[in-house]
Every structure is written in structure tokens, then in C-alpha cells.
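Hi there,

Here is the structure I promised to pass on.

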Amino acid sequence: MTMNNHSKWVVLTGATRGIGRAIAGHLAQAGYDLILPTRDPATAEHVALELKMLGARAVVYPCDLSIAQQVEDFAKTVLKEMGTPYGFVSCAGMTCDGLSFQLDIAKVQKTFQVNLFSTMQLTGQFAMPMGRAGGGRIVLISSVSAWLGNRGNAAYAATKGGLQAYMKSVLEEFSRRGVTINAVLPGFINTDMTQGRDEWIERMSKRIPAQRVGTPDDVANAVGFLLAPGASYINGAELAVDGGMSATLGLN
Ligand code: NAD
């Protein structure tokens with residue numbers, strides 16, 4: 001059923017594929033309109049067309065999240081041209097595989113900028129106007145890597161742990177203004193990010209209580225729930241979408 005969310009603009013990063021693309025479709029079907037910052041405008045325009053076919057409005061803004069100045073410019077332009085968004089979903093992300101003693105610091109810095117710093121920049125620009133407008137919703141796509149160690153994942157995990165620590169202090173600043181901020185922690189989700197790891201995914205599936213890896217729709221459903229009006233009392237949650245993986249020792 002379509003909710004009455006018209007004129008509720010949601011800024012969504014990472015909508016061109018994978019989890020972000022599923023979130024975009026889910027939110028469009030729920031009646032939200034989408035603002036899509038992207039480093040790949042051609043693909044994003046294609047996604048925007050799909051969203052329009054679902055009855056949503058969708059606008060694309062070129063923005064490479066790895067370049068801090070572009071992120072600042074994007075946020076200011078959106079506030080000027082589109083007004084205050086109702087929601088911000090931070091979904092764009094990149095991996096940074098490598099053992100801790102072999103990490104390339106330039107790649108680590110870029111990963112922090114894309115996964116964490118750009119999210120801090122956009123939250124910093126949008127949260128106060130949302131509060132002044134009577135409230136809003138921020139959802140950060142983190143990862144169970146923030147909770148669970150995994151060899152070769154130290155830098156990526158640090159960006160995601162940073163998101164969750166950041167969330168808790170932002171919450172203290174804005175909850176009295178009706179702005180909620182929550183994190184969704186996907187486990188193993190089948191997307192481009194996990195492509196080429198089929199054997200590993202099959203092995204891991206057997207250790208996930210649900211006995212399968214997740215789908216982008218599994219994550220999109222959780223994001224839709226946190227954006228909905230009925231979720232106004234959920235704040236600072238770290239919601240794992242992982243088939244029960246992080247609740248268990250994974251020994252089976
Ligand atoms: P993906 O690689 O399929 O998509 C990543 C998206 O981020 C793409 O739209 C890409 O264009 C965008 N992006 C990356 N760098 C960017 C930049 N510099 N500027 C602008 N956009 C940029 O990844 P996914 O699997 O869909 O992951 C989405 C989110 O979920 C990420 O934050 C990821 O860390 C998180 N996550 C994924 C999994 C998984 O198993 N796939 C597990 C845990 C968390």
C-alpha cells in the first residue's frame with residue numbers, strides 16, 4: 001500500500017546499484033521522492049527513470065563522495081534548490097581489503113572519506129534544517145563488520161564502527177528536535193561488492209542461521225521501516241540484517 005509520503009524528499013547515496021538501488025525502489029514505492037548524489041550520473045539517470053515509473057519524483061546530482069569539497073557543494077545546492085529533505089540515507093560505500101600491516105594509507109583515507117567523512121558532512125548539513133523543519137530521519141548503512149572482527153577487514157570495519165559511534169553523539173544533539181538517526185548493519189548481502197567470492201559465500205551461508213546470504217531487498221525493507229512515521233521512537237538502534245549471524249558463534 002502506498003503511504004502518504006508525498007513531498008517527503010529523501011537524499012540517498014549509492015543508489016546506482018546493489019543495496020542502494022533496492023532502497024531507492026522500495027522508498028519510491030512507499031511514496032517518497034528521491035535526491036540521488038552520484039559519481040555515475042548516466043546510471044543514476046536510468047535509476048531515476050525507473051523511480052519515476054513507480055510514481056516518485058527523482059533528481060540526480062553529480063557528486064563524488066571521495067572529494068570532500070564536492071560533498072559540501074552538493075549539500076548546499078540541495079538545501080538551496082530542493083529545500084530541507086525529510087530523510088538522509090547514507091548507503092554508498094567502498095571496501096578496503098588488506099591485512100592491517102599491509103594497508104595502503106591513501107586507499108584507507110579514501111575509504112574513510114567515502115564511508116564515514118562524507119556521511120558526517122551530509123549529516124552535519126542536513127540534521128539542523130531537519131530539526132528546524134519539525135523532524136527528519138537519518139539512516140546509516142553500516143555493517144556487522146563494526147561488531148565482528150574479520151581478517152583483512154580492519155580498515156573497512158573501522159569506518160563502519162566510526163559511523164555507529166558518530167551516530168550516538170549526533171542523536172544526543174538532535175533527538176529533542178524530532179530527528180532520529182539509526183544504523184542498519186547488513187551481514188553478507190549478494191551485490192557487486194561480494195561478486196567473485198562465490199566459494200566463500202557458499203561456505204559462509206552454511207554458518208548463517210538463515211542458511212543463506214541476504215538480498216538487497218532484505219536491507220531495503222529495514223530502511224523503509226526506519227523511515228516510516230511509526231518508527232519515530234526508534235533512535236540510535238543498530239539493526240543487524242544478517243540472517244542471525246551476529247547473534248551466534250557461527251560454529252555450526
Ligand atoms: P556496491 O558496491 O554494489 O554499491 C556501492 C554504491 O556506492 C554504488 O552506487 C557506488 O557508485 C557508490 N559509491 C562508491 N564510491 C562512491 C563515491 N566515491 N562517490 C559516490 N558514490 C560512490 O555496494 P553494496 O553491496 O550495495 O553496499 C552498499 C552499502 O552496504 C555500503 O555502505 C556497504 O559498505 C554496505 N554493506 C554491504 C554488505 C554486502 O554484503 N554487500 C555488507 C555490509 C555492509
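Let me start with helix α2, where A44, V47, A48 and L51 are buried. These residues span an arc of only 105° around the axis, so they sit on the same side of α2. On the other side of α2, you will find A42, L49 and M53 exposed. The cover over the buried residues includes α1 (18-29), β2 (33-38) and β3 (58-62). Please keep in mind that this is a predicted model.

As for its geometry, α2 runs over residues 41-53, and its 13 residues reach 18 Å from first C-alpha to last, close to the 18 Å expected at 1.5 Å a residue. Just after α2, G55 has a positive phi of about 95°.

Now to the charged pairs: searching the whole structure gives 7 salt bridges. One of them joins the side chains of R21 and E50, at 3.0 Å from N to O. This pair links distant parts of the chain, with R21 in helix α1 and E50 in helix α2, 29 residues apart. R21 is partly exposed at 27% relative accessibility, and E50 is partly exposed at 33%.

K76 also forms a salt bridge, with E72, and their closest N and O atoms are 3.8 Å apart. The two are 4 residues apart in helix α3 (residues 68-81), which means that about one helical turn separates them. K76 counts as partly exposed, at 48% relative accessibility.

Lastly, R212 and D218 meet through their side chains in a salt bridge of 2.9 Å, N to O. R212 is partly exposed at 43% relative accessibility, as is D218 at 26%.

Best wishes

Definitions and conventions
Residues are numbered from 1 along each chain as its sequence is written. This is a predicted model: local features need pLDDT of at least 70, side-chain atom pairs count only at pLDDT 80 or more; totals for chains, interfaces and linings use all residues. Side-chain values use heavy atoms; hydrogens and water are left out. The expected span of a helix is 1.5 Å times one less than its number of residues. Buried means under 20% relative accessible area, exposed over 50%, partly exposed in between (1.4 Å probe, protein chains only). The arc is that of the directions from the helix axis to the C-beta atoms. Contact means heavy atoms within 4.5 Å. A salt bridge is a side-chain nitrogen of Lys or Arg within 4 Å of a carboxyl oxygen of Asp or Glu.
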